[in-house]
Amino acid sequence: MVELPQDHLNKSGKSIPIYKERGQREVFCGLTGIIWLHRKIQDAFFLVVGSRTCAHLVQSAAGVMIFAEPRFATAIIDDRDLAGLADAHEELDRVVKALLARRPDIKMLFLVGSCPSEVIKLDLSRAAQRLSKEFVSKCRILSYSGSGIETTFTQGEDACLASLINDTPKQVAEKDKNLLIVGCLPDVVEDQFKRLFTELGIENVSFFPPKNSQQSIEIHGNTQYLLAQPFLAETARLIEERGAKRIAAPFPFGIEGTTAWLKAAAHLWGITSEHFEGVTQGKIERAKKSLARYLPALENKTISFFPDSQLEIPLARFLSRECGMRVLEIGTPYLHKQHLECELDLLPEGSKIVEGQDLERQLDRCRADQPDIVVCGLGLANPLEAEGITTKWSIELVFSPVHGYEQAADLAELFARPLNRSMKLVA
Amino acid sequence: MQLTLWTYEGPPHIGAMRIAASMTDLHYVLHSPQGDTYADLLFTMIGRSRKRPPVTYTTFQARDLGGDTAQLFQDSVNNAYQRFKPKAMIVGASCTAELIQDDPGGLARALTLPIPVIPLELPSYQKKENWGASETLYHIVRGLVAVDKSISAQQYQENRIASKQEGQKPTCNILGPTALGFRNRDDVQEIRGLLESMGIEVRVVAPLNASVSDLAKIPAADFNVSLYPEISQLTCTWLNKTFGQPFTKIIPIGTKATKAFIEEVARLANLNPESTLANQEERAHWYAKSVDSTYLTDKRVFIFGDASHVIAAAKVAAEEIGFKVVGLGTYSREFAREVREAAKLYDVEALITDDYLGVEQKVSELAPDLVLGTQMERHIAKRLGIPCAVISAPVHVQDFPARYSPQMGFEGANVLFDTWIHPLMMGLEEHLIMMFRDDFEFSAKAAPSHLGHAAPPESSQAKTSQISVASPSPIKINAGEAISSSVDSLWAADAEKELGKIPFFVRGKARRNTEKFAVEHGISHITIETLYDAKAHYGR
């Protein structure tokens, strides 16, 4: 077994070293983002341009639900396309037309690139432009890459949202100041945040992505934006290209994260701390009371994260500071230092952060550490359980309402549940 | 390019992975991009395996493409060998790696590992999962079984007979069951029990739970049971050619097929089948014969899946339950001929396709009372509001049940009877709905009440005809629309209303029959009289 160096000990905040590992990675590719994006943007359709493997991935993930009308599909590249016997662009046009004829209700179509389409350099952005002209006013056609070689799991959402920003016309800066919340949020969470901002007195708030493709997005020189998710590097970059400014804040997980996140915006809108506290105090108290129920199960328990979604660092911060857990290792597929700056400041001293993955070595460390609970993907969860290690499968964290005050306890419960369950089934 | 909402099979490397994951000491190194590890969760989640599949992925990323991916592959092979110490290894490429052409076989050979390393050539853009599994099993068996080329197949067979001791039981192997195979776990138990009850010794079951050294023992058995031809036929054919081992051709799904299988096996093992056949309690057969099942007579059923399960299911449906097979098809192109032959028995044309949309269109045209298919047909059946049961892979987690639920053998026949009948509306309810349409609870639109749902299925006839309009090809769609709207105007309002009184599960057939009758008799306006004329013409 190869140990990591120990120079993270006694380090805190920005001086925590980020260990980098390379090797086999047990992660999803960005195509998986389709599973939640298709529900969020309700009139959008996701057409993967890839191989049978890509089709198989998406259906293995989503196919347990029985769909009368799925809002995703794959255009499978075959050997005729590869041999150049068929013009790939003509083929794609044919497939898109057939699809839009079948589903005239689709208002936005994403052509989603995959590893095979990237390797053979099929230019989907050109295809999207060409098809957009043809279907103008009927359907917006965009493209992004969800390939495994370029994107890891939630980065698929980043790529998707980035393509939406790219497709939004540039706006003049003379408009009034507005607040944009960036990142897919469950509807209930979005509504809660909307109410909170209203109560705080921030009126001009919008959420990105919108629930349907026709809703316009307001981004200009007077836009301030808050990231709701930590995996939106490219989206943020493009938003900033349009003059909008990021409000630096921790992510709205747990009570502390949510308060700091709201406060960062409130501060910019010149809201007094009396008013801020007046609005948030009751909600904080309620969340604390609710969270307290799960603390006995979590306090002093050890936890390790395998890399998956980039949510690992904010979650480790929440679990250590608000739930009293001891974090042994935080694996993350990719770490955006700027976006996570406020989070790193809040991590406990001596945190061990590993960016990237060498799966077998990480499993060795995990077995040596014997954490009380391990956050990992579904490929590892049952095998680790069979070894006697309790797991929390990480994908659920992306599929559940976990942001904000009202969900702080729900978030803790997601980690308490497997622990309680293993106690129950032992007894 | 093919537009695919759902795919019936995964890529061929998933088939190879199923073989590797079935076995105990074989490792697979797969040259593949980051993300292809999703396949692990097929085994750990859908199959609920306790261990990770024995697969090492190179998981290259975009930045690796500029560098030496071949070196990355070799390192992965070395590391996998050092860590897992397998008894044999298979190496290959996934679809993306196939494009970058690193030659996994050659690269692995150059490492000269002290174990057999079997390269796989699985063309991802032409072939699919079952082909990949079949090919992998074949290459592994060829690679691991020692062949003395100086001995002919016949001599091998004679040697086996000669070395047999007095009173020694006949022996066989069971070939074909794999990890992630539909009900393979319980089928093996059922068939193994059946064979043993006949006095036959089962030597090797492969690839499921077999070790590398088990495979080497395959040629010692008297014959092979080819349980899943999609996986095992290629290997059994080679074993027959090389070692003179005959293999079974009958798939023991259903009471009749199980009996025929017993006779076939008895012939291969030189045994008398009579005592085995006499001892069986044929519960499914009695259930189907009991008067409660009379209402099942001639229910119209559409069957789709892999070739073996479709052929077997059609036979059970028609001969053992008394359904009428109105359509059948398969996605197993390798076995298209066999399925076409089977379809002739029911006077229908086989649908050989892996195009989900084509299957959907066929089902909506036929408007059957029951669909027997795969997980994918459940999507179709939901959309069309037709009862559905699963008979074949691809399947999802609910079809890897904890309880004993074989498809094969006599217990398999019992399972089939319960599974297929369950989604249908039960007899009394069906009668009452035909008599009284406007009950607030048991309406004609409601789902069968024993399924416990209040919500009606989305199957008004109007919707069904819209669906047949929504065919995959845009040209057909427009043509279909034109026909459909002109057909709609054929119906007089009162005739349309009368049609509405027919329960939903036969309404589709009544509409089609009446329209067909009208066209054939040059009737341009369908009245109530036409409706009953058609009914009299075609029968119920």
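**View 1. A:D364 sits buried in a cross-chain salt bridge.** In this predicted model, A:D364 has a relative accessible area of 17% and so counts as buried (under 20% relative accessible area is buried, over 50% exposed, and in between partly exposed, with a 1.4 Å probe and protein chains only). Its partner in a salt bridge is B:R83, with N and O 2.8 Å apart; the term covers a side-chain nitrogen of Lys or Arg within 4 Å of a carboxyl oxygen of Asp or Glu. The pair crosses between chains, with B:R83 in helix α4 (residues 69–84) of chain B and A:D364 in helix α15 (residues 359–369) of chain A. Helices here are DSSP runs of H or I with at least four residues, strands are runs of E with at least two, and both are numbered from the N terminus. B:R83, at a relative accessible area of 35%, is partly exposed.

A word on bookkeeping: residues are numbered from 1 along each chain as its sequence is written, and chains are lettered from A and ligands numbered from 1 in the order in which they are written. As this is a predicted model, local features need pLDDT of at least 70, side-chain atom pairs count only at pLDDT 80 or more, and totals for chains, interfaces and linings use all residues, while side-chain values use heavy atoms, leaving out hydrogens and water.

**View 2. Chain B against chain A.** Here 65 residues of chain B and 66 residues of chain A make the contact (heavy atoms within 4.5 Å). The two chains bury about 5,700 Å² between them, with 59% of it on carbon and sulfur atoms; buried area is the accessible area (1.4 Å probe) that two parts lose on being put together, summed over both. Look for B:M1, B:Q34 and B:R52, which supply 17% of the area chain B buries against chain A, more than any other three residues.

**View 3. Salt bridges and a strand pair between the chains.** Chain B and chain A share 5 salt bridges, one of them between the side chains of A:E360 and B:R52, at 2.9 Å from N to O. Helix α18 (residues 375–384) of chain B gives the most to the side of chain B that touches chain A, with 6 residues. Strand β3 (residues 72–76) of chain A and strand β1 (residues 2–4) of chain B run antiparallel, joined by 3 bridges; strands pair if DSSP finds at least two bridges between them. Within that pairing, A:T74 has B:T4 as its bridge partner.

**View 4. A:E343, a buried glutamate in helix α14 of chain A.** A:E343 has a relative accessible area of 0% and is found in α14, residues 341–346. A polar atom of the A:E343 side chain lies 2.7 Å from the backbone nitrogen of A:F251. Leaving aside neighbours within four places in sequence, A:E343 is in contact with A:P250, A:F251, A:I313, A:P314 and A:R317.

**View 5. Salt bridges within chain A.** A:E241 and A:R237 form a salt bridge, their closest N and O atoms 2.9 Å apart. The two are 4 residues apart in helix α9 (residues 233–241) of chain A, so about one helical turn separates them. A:R237 is partly exposed, at 42% relative accessibility. A:K392 and A:E396 also meet in a salt bridge, with N to O at 2.4 Å, and both residues are buried. Salt bridges that share partners join A:E21, A:E329, A:D358, A:R361 and A:R365 into one network.

Key: A polar contact is a pair of N or O atoms within 3.5 Å; within protein, one must be able to donate a hydrogen and the other to accept it, and residues adjacent in sequence count only if both atoms are side-chain atoms.
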